Amino acid sequence: MIDWLLQRYPGAAKVELLDRLFDGADQAATPEGYLHVFPQLFDSEGFFVARLRKTASVEPLPAPTYKVGKLPFSHLSRKLEGEIRQAAAVSLTWDDSLELWQRDKKIWLFPAAVTPLLGKVRFSRISLKLAETFAKGYRWQHEAVIALARPTPEQVFELSAAEAEEWYRGRDIYPETASTRDEMIVTYQQQPLGPAKKVGSQIKNSYRRELVRDGRLFR
């Protein structure tokens, strides 16, 4: 790829040497000035590294001719947006750099800066799934709680190390001290682990199945 670029735009870019990028980098340097970092030399993953400097302007590429499909999301109504922002089940906060969008019964947060690009470029998912809507409220998503939770002390339930292990194993929690709330954010060492609900004397585990781990979790 680097060779193609240099041949395609001769005189517009040059390779800068990397043999002093870090201690021992000269062992991985190539005659062209790149780095081939091999696991057997540096006890690391393998990497190819190149540094280029633009030295001249080039003609812009022609506009793409592919068709961009309609984004299957829509902006929320002000009423629904107000309801979500005021929902008190968990304390999630976000600033004006993010916008609420909806697809079916799912609520997503998109970067506001992406709006001018819709219909013009292709992109993979660049949003955060916030909640699923139900007749009686919202089910807040694990990733949203981890990223956005700013709960008050009254909204959290702190787990012990043993209880946190049970949580990460996907098991319900039977705490020694009962929670005073029906819905909460469980935390360990003041860090949110996810949303949870109290059912009787237990805290129902909502940890995502694909994240569940077994074995020894803490050293």
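**Close-up views of a predicted model**

**View 1. The largest nonpolar core and the surroundings of leucine 130.** The largest nonpolar core has 16 residues, and the members that touch the most others are Ile84, Leu92, Trp94, Leu100, Leu130 and Trp140. Two or more residues are given to this core by each of helix 3 (78-86), strand 7 (106-111), strand 8 (128-134) and helix 4 (142-148), and helix 4 gives the most, with 3 residues. When neighbours within four places in sequence are left aside, the contacts of leucine 130 include Ile84, Leu92, Trp94 and Leu100, together with Ile107, Trp108 and Leu109. Leucine 130 is also in contact with Arg139, Trp140, Gln141, Ala144 and Leu148.

**View 2. The pairing of strand 8 with strand 9.** Strand 8 and strand 9 (residues 137-140) are paired in the antiparallel sense over 4 bridges, and the hairpin that joins strand 8 to strand 9 passes through 2 residues. Within this pairing, threonine 133 has tyrosine 138 of strand 9 as its bridge partner.

View 3. Of the salt bridges in the structure, which number 9, one is formed by glutamate 16 and arginine 53, whose closest N and O atoms are 2.3 Å apart. This pair links distant parts of the chain, since glutamate 16 is in the loop between strand 1 and strand 2 whereas arginine 53 is in strand 4 (residues 52-54), 37 residues apart. Glutamate 16 counts as buried because its relative accessibility is 17%, under the 20% limit for that class, while arginine 53, at 45% relative accessibility, counts as partly exposed. A network of salt bridges links Glu16, Arg51 and Arg53.

View 4. Side chains of opposite charge can pair when their charged atoms come close. Arginine 171 and glutamate 166 meet through their side chains in a salt bridge, with an N to O distance of 3.0 Å. Arginine 171 is partly exposed, having a relative accessible area of 42%, and glutamate 166 likewise counts as partly exposed, at 25% relative accessibility. Aspartate 172 forms a salt bridge with lysine 204, for which the closest N and O atoms are 3.3 Å apart. Because aspartate 172 lies in the loop between helix 5 (161-168) and strand 11 (183-188), and lysine 204 in strand 13 (residues 202-204), this pair ties together parts that are 32 residues apart in sequence. Aspartate 172 is partly exposed, with a relative accessible area of 23%, and lysine 204 counts as partly exposed at 35% relative accessibility.

**View 5. The place of threonine 30.** Threonine 30 is located in the loop between strand 1 (13-15) and strand 2 (35-37), where its relative accessibility of 15% means that threonine 30 counts as buried. The C-alpha atom of threonine 30 is separated by 51 Å from that of alanine 162, the two residues being 132 residues apart along the chain.

Note on methods
Residues are numbered from 1 along each chain as its sequence is written. This is a predicted model: local features need pLDDT of at least 70, side-chain atom pairs count only at pLDDT 80 or more; totals for chains, interfaces and linings use all residues. Side-chain values use heavy atoms; hydrogens and water are left out. A nonpolar core is a set of buried Ala, Val, Leu, Ile, Met, Phe, Trp, Tyr and Cys residues joined through side-chain atoms within 4.5 Å. Buried means under 20% relative accessible area, exposed over 50%, partly exposed in between (1.4 Å probe, protein chains only). Contact means heavy atoms within 4.5 Å. Two strands pair if DSSP finds at least two bridges between them. A salt bridge is a side-chain nitrogen of Lys or Arg within 4 Å of a carboxyl oxygen of Asp or Glu.
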